[in-house]
Structure formats: C-alpha cells, structure tokens
Amino acid sequence: MTVQMAWFLGLGMTGVALLALALLFDGVLEGLFGGVFDGWLSLPVVAGFVSMLGFSGAIVMGTTGLGAVGATAVGVPAGVVTGWLAYRLSRALMSDRSGAAPRDDDLIGAPGSVVTAIPAGGYGEVLVHLAGQPVKLAARSTGPVARGSEVWVDEALSSTAVSVRRVER
C-alpha cells in the first residue's frame with residue numbers, strides 16, 4: 001500500500017467517523033458552528049462526500065495504475081453524487097409529515113365502547129381507537145349510557161374528554 005492510498009483510506013475513515021459524530025450528536029455540531037453546516041454543508045453531506053472520495057480513490061489506486069490524480073478525478077464526482085444523495089435523502093426524511101400527532105378533531109366520528117357507565121348529566125369513560133391505538137377518555141352524553149354500549153364520538157370537548165352518542169343497532 002502506497003502513502004497516497006493510505007491518505008485516501010484515511011479520508012474514507014474520516015468521513016465515516018464524521019457521519020457517526022453527526023448521528024451521535026444530532027445537530028449539536030451544526031449549532032457549534034453557527035449554522036454554517038446547514039443544507040449543502042450539513043455534516044451528513046460532508047461526511048458522504050469525504051468518505052466516498054476517500055474510498056473510491058483508494059479502490060481506483062488499488063485496481064488501476066492511474067495514480068493519485070486519476071483517483072482524485074474519479075473520487076470527486078463520486079463524492080459529489082454521494083453528497084447530493086445524502087442531501088436529498090435528509091431533506092425527504094425531514095419533510096415527511098406522515099407521523100403527525102393526532103388532533104382532538106380526529107376523534108370526531110370515531111367508534112368506541114363504554115368502559116365506565118355514563119350517567120345522565122355526568123361523565124363516564126369510553127375506549128376509542130385513535131390512529132390504531134386504544135385511548136381511554138372521559139365521556140359525557142345527553143342521556144345515560146350503560147357499560148359495554150357502542151358509541152360514536154360527536155364532539156371533542158378537550159384532549160381527554162369527548163361527547164358521545166349511543167349507536168342503535
């Protein structure tokens with residue numbers, strides 16, 4: 001192994017270590033540098049560029065006779081592509097809104113069952129499925145509702161209380 005190949009391998013390992021630091025400290029390093037490492041200069045993008053430059057340069061030097069200039073000529077475009085892919089992937093992950101938390105209005109129309117009887121003018125408890133998860137809520141109804149009855153949520157009174165109506169079958 002030549003000294004130049006060792007430099008390329010060192011760049012590759014430095015890029016991997018930089019990526020591990022970026023994942024481990026999750027934004028702390030960006031904050032230390034006053035937002036300089038944001039977007040195109042984020043640590044994952046820089047780490048992808050540096051590691052791909054180093055590893056592809058080492059592969060070129062080890063498999064061909066191109067030397068350091070040829071390895072750099074192959075490594076830089078490979079690093080740019082890898083940095084661009086890291087940028088696009090991080091932006092796609094950051095803009096994903098499919099994991100948004102359910103809101104109170106999402107309860108309206110949800111089916112449920114009474115787990116603690118609801119007296120006339122008072123509160124009981126219902127078990128409602130929200131976003132696939134069972135949620136136990138305080139419930140009120142216009143009339144009394146017995147334990148085990150099926151209900152529909154009419155109104156979200158708060159994040160922990162709902163107004164329900166009995167389902168007639």
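Predicted model: local features only at pLDDT ≥ 70, side-chain atom pairs only at ≥ 80, totals over all residues.
Me: Which side chain does aspartate 154 meet in a salt bridge?
Reply: The side chain of arginine 165, at 3.1 Å, N to O. A salt bridge here is a side-chain nitrogen of Lys or Arg within 4 Å of a carboxyl oxygen of Asp or Glu. The pair links distant parts of the chain, 11 residues apart, with aspartate 154 in strand 4 (residues 150-156) and arginine 165 in strand 5 (residues 161-166).

Me: How many salt bridges does the structure hold?
Reply: It holds 3. One of them joins glutamate 125 to lysine 136, with the closest N and O atoms 3.4 Å apart. That pair also links distant parts of the chain: glutamate 125 is in strand 2 (residues 123-130) and lysine 136 in strand 3 (residues 133-140), 11 residues apart. Glutamate 125 is partly exposed at 30%, while lysine 136 counts as exposed at 53%.

Me: And what does glutamate 168 pair with?
Reply: Arginine 166, with the side chains meeting at 3.5 Å, N to O. Glutamate 168 is exposed at 65%; arginine 166 is partly exposed at 37%.

Me: OK, zooming out. What's the pattern along the sequence?
Reply: It reads α-α-α-α-β-β-β-β-β, from 4 helices and 5 strands. Those are DSSP runs numbered from the N terminus: helices are H or I with at least four residues, strands are E with at least two.

Me: Where is confidence lowest, and where is it highest?
Reply: Helix 2 (residues 28-32) is lowest, at a mean of 64, and strand 1 (residues 111-116) is highest, at 93. The chain averages a pLDDT of 85, and 87% of the residues score at least 70. pLDDT is the predictor's confidence in each residue, from 0 to 100.

Me: What about helix 4, how far does it reach?
Reply: Helix 4 (residues 67-94) has 28 residues and reaches 40 Å from its first C-alpha to its last, close to the expected 40 Å. The expected span is 1.5 Å times one less than the number of residues.

Me: Which of its residues are buried, and what covers them?
Reply: In helix 4, Gly70, Ala71, Gly75, Gly79, Gly83 and Tyr87 are buried. The cover includes helix 1 (3-25) and helix 3 (43-63), going by contact, meaning heavy atoms within 4.5 Å.

Me: And which residues are buried in helix 1?
Reply: Met5, Phe8, Gly12, Gly15 and Ala22. Helix 1 has 23 residues and reaches 32 Å from first C-alpha to last, close to the 33 Å expected.

Me: How accessible is valine 16?
Reply: Valine 16, which lies in helix 1, is partly exposed, with a relative accessible area of 45%.

Me: Last one: how much of the chain counts as buried?
Reply: Of the 169 residues, 30%.

Methods: Residues numbered from 1 in each chain as written. Heavy atoms only, no water. Buried < 20%, exposed > 50% of the residue type's maximum accessible area, 1.4 Å probe, protein only.
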